[in-house]
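Let's take a walk through this model, one stop at a time. Have the structure open and follow along.

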Amino acid sequence: MNHPERDDELVFLPLGGSGEIGMNFNAYGYGPPDDRKWIVVDCGVLFGRETTTPGVDLIMPDIRFLAEQRENVLAIVATHAHEDHIGAIPHLWPMLRCPVYATPFTAVLIEGKLEEAGLSAKVHPKRVPLSGRIELGPFALEFISITHSIPEPNAIAIRTPLGLIVHTGDWKIDPEPQVGEVTDIAALKALGDEGVLATVCDSTNALVAGESGSEARVREALTTLIGTLKGRVAVTSFASNVARLDTIARAAKAHGRQVALVGRAMHKITDAARQTGYLKGFPSIIDEAEAAQLPPNRVLYLCTGSQGEPRAALARIAEGNHPNVSLGKGDAVIFSSRVIPGNDIAIHELHNKLSLLGVEVLSADDHFVHVSGHPCRDELAEMYRWTRPQIAVPVHGEPRHQAEHARLALSLQVPQAIVPENGQLIRLAPGRAGVIDEVPSGRVYMDGRILIGEGAGLARHRRALAFAGMIAITLVLDGKGRVATEPSVIIEGIPEPVHDAIRNALDEPLKRHNPKRDLDGHDLKESVRRAARRAAENAWGKKPVTRVQVVQV
Ligand SMILES: [Zn+2]
Ligand SMILES: [Zn+2]
């Protein structure tokens, strides 16, 4: 490792993943302030919500700060294949055009995304073997196997001339993960012995006491539970949790049930897992149509849609409009998953729809069918004991998770804890660590096929339209500014009884219009707009989005 130059600094810049669960995007910079080299660790998405961002599928970080100096961005490095860590790569890579590094399973899933985006000819993710090392300018990276809820999760040790950072990625301690490696505790302890400057760590479960629990216990419990069921069984889980899919398929086999995968993501993930050497003992799969021919107690469906996603397999089954799968009285659905905050309502609706069909709903509320993939407080304490950093940097969480994580780290004798906010440039070394600058940051939306800035007001405008509809009025004036014809009024999303009030309200400003003083209809346009909005508010209690245009003939 080279010695640092006089002006060199080591900085951390989160552009996503601080203050929220999702769209993780962390940059590390090294060099003098005017010529820093950057690496990006993870490049994820957040899913849009009908209530806050209607019509927006994906939300991503605004990375213009790095895009403007993309020749200095050396690589995107992915810790693991969850959407909140890799989902933005196909959308943001064109702004950075740098190499992408990942372990094989993650690389296969990134390749699939790049192919769908038409980028596979331009960038091939470089495959890093498990426990592999790569050199990127002033950064020397070492991948360290950990456990989580997907194959091949990695912590990344980042060595620089100014110190060693441990970026944990998403992790937990699971001595029996069922699929893949166990946490490489020896490697983490060795980093602690070497001397860690900063541990940048997952905060998701910082409010939860104890430990997250092992996938092995879920395997036992699910196997027992499935043995008690008599009719058709459908189990829904995150498709990316390959160990869980393996557990469910083996439990099915143990009770004489054949497994059918239902939902595109199930096939995509199991294919990627097989390609990279996982799921060796996975029972053979039958297709949906074949499963429909079997007696109810001989079949198990493994379905997407545990979060109530309206287009996923389970929602369609609950609606009774899935082409090959139907469930009813005597059947059961097991939700082997957690409720991601914000999805509660959709999931409860799904439970109710299934109950109306006579289907028994079993979930983590009353059965041991899920464990979290993130570290609880005892596990966080272990990480700090192993790595013994000078600085704790809690990321991947909402503000209260990060704040509690920081308090916990300090209580464990970590000398300093810094809770970062997206866009804050944090100097880790030399000198005492702290925020030294703020860079442009925020969110961008993938709306249909277009990436659009948050500043464009799209979400606010959509919410206004959804809340109170719209009125579009066209006024026609002749060359002397006189009203030539009746105005055309288009009303959308407003209750019928309000329409007449809106139309009638236009008489008054039209009567008052003085062509001599308002030849181009500028004032008329504004008075018509106000009259229409006021009429809607008086009749209805809501102010629609109102647009008026003047056409002069
Ligand atoms: Zn994850
Ligand atoms: Zn995550």
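Start with His82: at 15% relative accessibility it counts as buried, because the cut-off for buried is under 20%. Keep in mind that we're looking at a predicted model. Asp170 is buried too, with a relative accessible area of 1%.

So what do these two residues do in the model? Both are protein donors of the zinc ion (ligand 1), His82 through ND1 and Asp170 through OD. His80 and His148 complete the list of protein donors, each using NE2, and the donors lie 2.1 to 2.3 Å from the zinc ion. Along the sequence, the spacing of the donor residues reads H-x1-H-x65-H-x21-D. The site's geometry is irregular, with angles of 92 to 163 degrees among the 4 donor atoms. That label follows because four tetrahedral donors would need all angles between 85 and 135 degrees.

Now follow the chain into α5. This helix packs with α12 (residues 377-387) at an angle of about 55 degrees, their axes 6 Å apart, and the two are therefore oblique to each other. On the α5 side, Ile185, Leu188, Lys189 and Gly192 make the contact, meeting Met383, Trp386 and Thr387 of α12. Sorted by class, that contact has 4 nonpolar, 2 polar and 1 charged residues.

Technical notes. Residues are numbered from 1 along each chain as its sequence is written. Chains are lettered from A and ligands numbered from 1 in the order in which they are written. This is a predicted model: local features need pLDDT of at least 70, side-chain atom pairs count only at pLDDT 80 or more; totals for chains, interfaces and linings use all residues. Side-chain values use heavy atoms; hydrogens and water are left out. Donors are N, O and S atoms within 2.8 Å of the metal (3.2 Å for Na, K and Ca); water is not among the atoms, so sites may look incomplete. Four donors count as tetrahedral if all angles lie between 85 and 135 degrees; four count as square planar and six as octahedral if opposite donors are over 155 degrees apart and all others between 65 and 115; anything else is irregular. Buried means under 20% relative accessible area, exposed over 50%, partly exposed in between (1.4 Å probe, protein chains only). Axes are lines fitted to C-alpha atoms, for helices over the stretch in contact, and angles run from 0 to 180 degrees between N-to-C directions. Helices (H or I, at least four residues) and strands (E, at least two) are DSSP runs, numbered from the N terminus. Angles under 35 degrees count as roughly parallel, over 145 as roughly antiparallel, 65 to 115 as roughly perpendicular and the rest as oblique. Contact means heavy atoms within 4.5 Å. Ala, Val, Leu, Ile, Met, Phe, Trp, Tyr, Cys and Pro count as nonpolar, Asp, Glu, Lys and Arg as charged, and the others, Gly among them, as polar.
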